[in-house]
Amino acid sequence: KGLVFLSFAGMVQKLDQKLPVANEYLLLSGGVREGVVDIDLDELNVYARGTDYDMDFTLLVPALKLHDRNQPVTLDMRHSALCHSWLSLRLFDEGTISKWKDCCTIVDHINGATNYFFSPTKVADWFYDSISIVLSEIQKKPQRGMPKVEKVEKNGTIISIILGVGSSRMLYDIVPVVSFKGWPAVAQSWLMENHFWDGKITEEEVISGFYLVPACSYKGKKDNEWRLSFARSEVQLKKCISSSLMQAYQACKAIIIKLLSRPKAISPYHLRSMMLWACDRLPANYLAQEDYAAHFLLGLIDDLQHCLVNKMCPNYFIPQCNMLEHLSEETVMLHARKLSSVRSDPAEHLRTAIEHVKAANRLTLELQRRGSTTSIPSPQSDGGDTNQPDDRLAKKLQQLVTENPGKSISVFINPDDVTRPHFRIDDKFF
């Protein structure tokens with residue numbers, strides 16, 4: 001069995017046949033607010049674990065796919081900041097252009113030619129409208145086993161949906177993307193360097209594909225500019241990171257999410273980039289020490305402090321892109337001072353972060369307990385306990401993600417039979 005929500009995406013495919021027929025969605029554990037993908041968080045509403053949701057995921061949904069090229073992919077980066085690009089539909093066939101014209105900005109050239117640039121904001125608007133239509137139809141004709149839609153919101157170019165599945169609430173941040181096979185030319189030089197993953201996984205695994213996600217630079221044109229995302233590669237690289245370093249990363253992430261949330265400047269994605277750079281810089285035998293999690297936590301805090309003071313955090317795949325360049329001196333120094341307090345007593349800050357997690361878990365259990373004592377059978381139910389199988393479905397998805405660290409989890413959907421999505425973990429199907 002697959003997750004019920006994924007059938008919604010299959011229904012969107014059938015609405016106006018815009019989405020690729022044989023589509024592959026990348027499912028990531030953790031929402032956009034968790035820094036799973038490199039997307040600016042300014043336009044995202046604040047949701048809290050325990051209060052609003054119990055589990056969170058990010059789903060990358062390809063609106064367009066360019067999978068028939070063997071050479072490095074050259075993008076139109078003339079109008080963009082580093083790590084960003086416009087996307088001309090000239091790369092695609094006439095059928096694709098006519099299908100997506102209404103989601104493009106149009107540029108007429110002097111020679112009379114017309115160029116259609118795929119617009120992240122218009123694509124997000126179309127996707128939100130399509131999902132709203134599908135969810136509205138489902139609610140008009142509810143079926144047994146379908147989750148309850150508790151919230152649907154458009155946050156900038158991200159669509160956030162909270163579903164009630166049994167007694168669990170699952171947050172999905174849905175990101176419409178452009179999917180490419182291969183590797184972008186702008187990141188080609190990165191492949192020439194030595195990396196910590198050399199010899200552990202193949203280059204083919206690392207450069208199997210990349211995405212454009214709907215996020216522009218701080219001075220870019222929102223209607224035209226996409227950001228390069230290496231989410232698929234990052235999933236592969238996690239295979240090569242020791243469990244103790246990952247523990248330290250999770251601990252550091254929990255601290256900075258609370259401490260450095262205002263003003264928004266540092267995200268867990270910055271921290272993840274620093275961790276990857278540290279893996280390249282430090283000896284492999286040191287990073288493999290199983291009991292060094294505390295050392296690694298202090299090291300990550302120090303690296304983050306160094307990046308803030310110098311206002312420099314290179315993108316791991318495109319090092320010439322400084323992800324902190326736009327910040328003001330006041331902001332970086334404010335966060336640097338906050339981090340100094342963490343460095344002076346990291347144990348206390350970690351205890352506080354753990355207490356926040358425990359409080360969220362207690363709230364979830366309390367809400368579930370109340371729900372189980374006040375629930376009444378729905379008109380579609382036969383009066384039996386329908387929560388239990390739904391809960392198993394939710395837990396199964398969480399289990400798939402957490403038990404396969406560093407593995408690429410994709411979801412295939414057949415638009416002609418949306419009741420049966422199935423998962424691929426690396427090359428194995430479920």
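Student: What kind of model is it, and how are residues numbered?

Tutor: It's a predicted model, where local features need pLDDT of at least 70, side-chain atom pairs count only at pLDDT 80 or more, and totals for chains, interfaces and linings use all residues. Residues are numbered from 1 along each chain as its sequence is written, and side-chain values use heavy atoms, with hydrogens and water left out.

Student: How many helices and strands does the protein have?

Tutor: There are 12 helices and 13 strands. Those are DSSP runs numbered from the N terminus: H or I with at least four residues for helices, E with at least two for strands.

Student: And what share of the residues is buried?

Tutor: Buried residues make up 51% of the 430. Buried means under 20% relative accessible area, exposed means over 50%, and partly exposed is in between, with a 1.4 Å probe and protein chains only.

Student: What about the surface and the contacts?

Tutor: The accessible surface is about 20,400 Å², and 52% of that belongs to carbon and sulfur atoms. Areas come from the Shrake-Rupley method with a 1.4 Å probe, and for residues only the protein chains shown count as cover. Of the contacts with a separation of 6 or more, 72% are between residues 24 or more positions apart. A contact means heavy atoms within 4.5 Å.

Student: OK, pick a helix. Where are the buried residues of α10?

Tutor: Helix α10 covers residues 329-344, and its buried residues are T331, V332, H335, A336, L339 and V342. They sit on the same side of α10 because they cover an arc of only 125 degrees around the axis, going by the directions from the helix axis to the C-beta atoms.

Student: Why would residues spaced like that point the same way?

Tutor: An α-helix has 3.6 residues a turn, so residues three or four places apart point the same way.

Student: Which exposed residues are on the face turned away?

Tutor: E330, R337 and S344 are on that face of α10.

Student: How far does α10 reach?

Tutor: From its first C-alpha to its last, α10 reaches 23 Å, close to the 22 Å expected for its 16 residues. The expected span is 1.5 Å times one less than the number of residues.

Student: And what span does α9 have?

Tutor: Helix α9 has 18 residues (293-310), and its end C-alpha atoms are 26 Å apart, in agreement with the 26 Å it should span. Its buried residues include A293, F296, D303 and Q305. K311 follows α9 and lies in the loop between α9 and α10. K311 is not a glycine, yet it has a positive phi of about 50 degrees. It's partly exposed, at 22% relative accessible area.

Student: Where else is phi positive in a residue other than glycine?

Tutor: C83 has a phi near 75 degrees. C83 is in the loop between β2 and β3, and it's buried, at 4%.

Student: What does S80 touch?

Tutor: Apart from neighbours within four places in sequence, S80 contacts S85, W86 and E225. S80 is also in the loop between β2 (55-66) and β3 (84-85). Its C-alpha is 6.5 Å from that of G220, though the two are 140 residues apart in sequence.

Student: Switching to aromatics: how many pairs are there?

Tutor: The structure holds 20 aromatic pairs. In W183 and W190 the ring centres are 5.8 Å apart and the planes are at 25 degrees, so this pair is stacked. Rings of Phe, Tyr and Trp (its six-membered ring) pair if their centres lie within 6.5 Å; planes under 30 degrees apart are stacked, over 60 edge-to-face, and the rest tilted.

Student: Are W183 and W190 buried or exposed?

Tutor: W183 is buried at 3%, and W190 is buried at 2%. Both belong to a cluster linked by ring pairs, together with F180, W197, F210, F230, W277, Y316 and F317.

Student: Last one: where does R272 sit?

Tutor: R272 is in helix α7 (residues 268-281). It's buried, with a relative accessible area of 11%. Not counting residues up to four places away in sequence, R272 touches G35, V36, V37, E234 and Y249.
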